[in-house]
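Work through the exercises below with the sequence and the model open. Try each task before reading its solution.

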Amino acid sequence: MGNPKAFLTIDRKEAGYRPVEERKYDFSEVEQTLNTTDRMAQASRCMDCGVPFCHWACPLGNLNPEWQDMLYKGKWRDAAYTLLSTNNFPEFTGRICPALCEKSCVLGHSSGQAVTCRENEVAIIEKAYSEGYIQPRIPKVRSGKKVAVIGSGPSGLAAADCLNQDGHTVTVFEKNEKPGGLLRFGIPDFKLSKKVIDRRIKLMQEEGVEFKTGIKAGVDVTADALLKDFDAVCLCMGAEQPRDLPVEGRELKGVHFALELLQQQNRVNSGVSVPDSDRITAKDKRVIVIGGGDTGSDCVGTAIRQGAKSVMQIEIMPMPPKDFNPSTPWPLWPNILRTSSSHKEGCERRWCLTTNKFIGDENGCLKAIEIEEVEWQPAPGGGRPAMVKTGKKETLEVELALLAMGFTQPKHPGLLDSLGVAYDARGNVATGANMMTSVNKVFAAGDVNTGASLVVRAIASGRRTAKFINDFLTLQ
């Protein structure tokens with residue numbers, strides 16, 4: 001702890017976002033950066049707590065106090081290596097992680113001004129890239145064992161990276177045309193530039209990881225072939241089954257799942273040509289986003305950049321408290337109202353609303369939506385609250401509705417059913433304590449095993465599963 005009084009004398013300073021009137025017209029990253037002096041000063045605010053709840057809250061177990069102190073002292077190289085010792089991809093989490101560490105920061109609890117852990121993290125890794133600290137780490141010895149990783153999202157990339165460094169020969173199969181999973185095709189460019197993903201993929205290729213894109217596991221390469229050709233298989237396909245809204249009018253043109261919009265826009269940004277007949281666009285339309293989470297927020301920002309006439313986001317649950325929620329006390333992750341950069345660009349937000357039906361015109365195109373106010377009544381004995389419709393209905397004129405209500409489970413048809421893996425009660429791939437599925441030498445990591453979650457949890461899961469796979473292969 002280089003400056004024991006910094007937390008008393010230096011206020012939290014965030015890099016902030018580019019001006020709204022500038023950023024809402026492009027898809028470049030919205031977040032700005034601090035200069036080196038300010039960034040080091042922000043790192044000095046870490047109190048090196050006796051019980052580092054930042055470390056406790058982070059699924060990766062990031063060594064926050066250690067690399068904060070190194071950053072403050074200007075030891076950028078040491079900070080980078082310490083950060084990378086627990087996190088394969090700080091350039092991803094430093095941009096899109098909700099920063100569980102900051103919500104549990106003791107300084108944040110006592111003063112309301114947590115250490116800028118996430119921003120400091122991305123500053124360290126970007127410095128490491130720019131200064132050349134990040135170089136290919138090519139394993140000196142190969143085990144002779146071959147591992148297939150199915151899916152190249154955060155869990156798949158983490159598992160592949162770890163297993164490659166363990167000396168195994170790793171092949172990553174990705175159904176899309178480029179690696180990255182939802183990092184590439186789900187998260188908008190204004191939050192995560194795809195150049196950041198390309199840089200990491202290139203590095204992993206130089207280190208020996210093979211990426212086979214445009215390959216649908218279970219179709220283009222069969223389950224039998226995977227089991228025959230590889231010593232272990234790691235399933236990292238995510239939980240891609242979106243939660244649908246089976247109400248009247250669901251089939252109308254203009255009602256889409258959130259990822260249909262987000263994936264297409266990311267492809268357009270990368271130069272892919274999409275026929276006008278297939279183009280999903282909010283230009284000059286009144287847009288409603290159904291679902292109040294991060295995916296919904298991403299839809300808001302995308303619709304605004306596409307030139308929407310208006311954007312409204314509705315949520316079936318009540319509006320969370322703004323600053324403190326007694327049901328989720330520190331150091332737990334607080335269930336409070338969050339306002340994203342996209343919300344600040346021009347979006348009406350409403351709560352306790354359910355969708356009754358979509359209304360179409362004579363051409364089968366969406367023209368309106370009927371919503372109804374709901375109330376949540378406590379259940380006897382403290383159980384789950386019950387939703388009750390109030391009868392207060394409202395019809396809104398809209399031309400584009402985006403369903404952003406989360407994901408229910410991985411898609412079973414295809415590879416999973418072909419392998420014959422067992423599922424848990426929620427439809428996720430079931431695993432034992434060693435992350436192996438019900439099928440010998442087939443393991444699972446990330447959302448395919450846990451259900452939809454955070455990128456940081458997916459990376460942690462990929463690392464953990466890779467350890468068990470390495471143990472399995474070592475004992476063969």
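**Exercise 1. At what angle do helix H3 and helix H10 pack, and how far apart are their axes?**

Solution. Find helix H3 at residues 36-43 and helix H10 at residues 117-130. Helices are DSSP runs of H or I with at least four residues, strands are runs of E with at least two, and both are numbered from the N terminus. Axes are lines fitted to C-alpha atoms, for helices over the stretch in contact, and angles run from 0 to 180 degrees between N-to-C directions. The axes lie 10 Å apart, at an angle of about 130°. That makes H3 oblique to H10 (under 35 degrees is roughly parallel, over 145 roughly antiparallel, 65 to 115 roughly perpendicular, the rest oblique).

The model is predicted: local features need pLDDT of at least 70, side-chain atom pairs count only at pLDDT 80 or more, and totals for chains, interfaces and linings use all residues. Residues are numbered from 1 along each chain as its sequence is written, and side-chain values use heavy atoms, with hydrogens and water left out.

**Exercise 2. Which residue forms a salt bridge with Arg-95, and which parts does the pair tie together?**

Solution. The partner is Glu-126, with the closest N and O atoms 3.1 Å apart. A salt bridge is a side-chain nitrogen of Lys or Arg within 4 Å of a carboxyl oxygen of Asp or Glu. Arg-95 lies in helix H7 and Glu-126 in helix H10, so the pair ties together parts that are 31 residues apart in sequence. Next, widen the view: salt bridges that share partners join Glu-29, Arg-95, Glu-126 and Arg-199 into one network. The structure holds 30 salt bridges.

**Exercise 3. Is Arg-12 buried or exposed, or in between? Is its partner Glu-102 buried or exposed?**

Solution. Start with the contact: the side chains of Arg-12 and Glu-102 meet in a salt bridge at 3.1 Å, N to O. Arg-12 sits in the loop between helix H1 (6-9) and helix H2 (20-23) and Glu-102 in helix H8, so the pair ties together parts 90 residues apart in sequence. Arg-12 has 24% relative accessibility and counts as partly exposed. Glu-102 is buried, at 11%. Buried means under 20% relative accessible area, exposed over 50%, partly exposed in between (1.4 Å probe, protein chains only).

**Exercise 4. Where does Ala-99 lie, and what is its phi?**

Solution. Ala-99 lies in the loop between helix H7 (90-96) and helix H8 (100-103). Its phi is near 65°, a positive value in a residue other than glycine. Ala-99 counts as buried, at 4% relative accessibility.
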